[in-house]
Amino acid sequence: MIGFPKAVFALALLFSLRSFGQETVVPKMDPNAPDFKFETECIDFGTLAYDANGIREFKFTNTGRSPLIITNVVGECGCTSTSLDGKPGWPTEPVLPGKSARIKIKYDTKRVGTFEKSITVSSNARFANKKIKIKGEILPKKD
């Protein structure tokens with residue numbers, strides 16, 4: 001027969017092990033949620049001259065069933081700007097289902113060398129954060 005202290009220890013061990021077997025809760029996806037469909041998720045700048053035009057646009061369509069609201073667009077570092085002339089480079093009004101819009105970004109083309117950067121788009125879409133990318137190469141300044 002098991003002594004009282006051993007029985008208490010065994011029960012405590014059993015309950016503590018049971019607490020590790022937690023159920024995984026999978027959030028339900030809203031079938032009417034807005035969603036992105038980008039023409040391309042990576043823009044290749046190719047090879048650019050030093051201080052060339054670094055502005056590009058990502059075109060997307062709201063493929064969901066409700067208005068898409070973009071709350072923020074953030075570059076991976078200070079070399080990628082998502083606001084142009086002090087204004088957001090993304091639509092500030094909801095993008096209706098089936099409608100298209102553009103996100104403008106600017107890369108600092110005074111940074112010589114190859115680059116590959118991510119931009120995070122935050123919204124009310126099915127997946128709240130979407131990553132898009134830019135890449136290319138900036139040639140040295142000609143004297």
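Glu57 is partly exposed, with a relative accessible area of 34%, and in this predicted model Glu57 belongs, together with Arg102 and Lys104, to a network of salt bridges.

**The Glu57 and Arg102 pair**
- Arg102 forms a salt bridge with Glu57, and the closest N and O atoms of the two are 3.4 Å apart.
- This pair links distant parts of the chain, since Arg102 lies in strand 8 and Glu57 in strand 3, 45 residues apart.
- Arg102 counts as partly exposed, at 42% relative accessibility.

**The sheet**
- Strand 3 (residues 55–62) and strand 8 (residues 100–107) pair in the antiparallel sense over 7 bridges, and Phe60 stands opposite Ala101 in strand 8.
- An open sheet is formed by 4 strands in the order 1-3-8-5, with antiparallel pairing.
- Strand 1 (36–38) and strand 5 (80–81) stand at the edges and have a single partner strand each, so one side of each is left without a neighbour in the sheet.

**Other salt bridges**
- Lys59 and Glu39 meet through their side chains in a salt bridge (3.8 Å, N to O).
- Because Lys59 lies in strand 3 and Glu39 in the loop between strand 1 and strand 2 (42–48), the pair ties together parts that are 20 residues apart in sequence.
- Lys59 is partly exposed at 28% relative accessibility, whereas Glu39 is exposed at 63%.
- Arg126 forms a salt bridge with Asp35, with the closest N and O atoms 3.6 Å apart.
- Arg126 is in the loop between strand 9 (113–123) and strand 10 (129–138), and Asp35 is in the loop between helix 1 (4–20) and strand 1, so this pair ties together parts that are 91 residues apart in sequence.

Methods. Residues are numbered from 1 along each chain as its sequence is written. This is a predicted model: local features need pLDDT of at least 70, side-chain atom pairs count only at pLDDT 80 or more; totals for chains, interfaces and linings use all residues. Side-chain values use heavy atoms; hydrogens and water are left out. Two strands pair if DSSP finds at least two bridges between them. Helices (H or I, at least four residues) and strands (E, at least two) are DSSP runs, numbered from the N terminus. A salt bridge is a side-chain nitrogen of Lys or Arg within 4 Å of a carboxyl oxygen of Asp or Glu. Buried means under 20% relative accessible area, exposed over 50%, partly exposed in between (1.4 Å probe, protein chains only).
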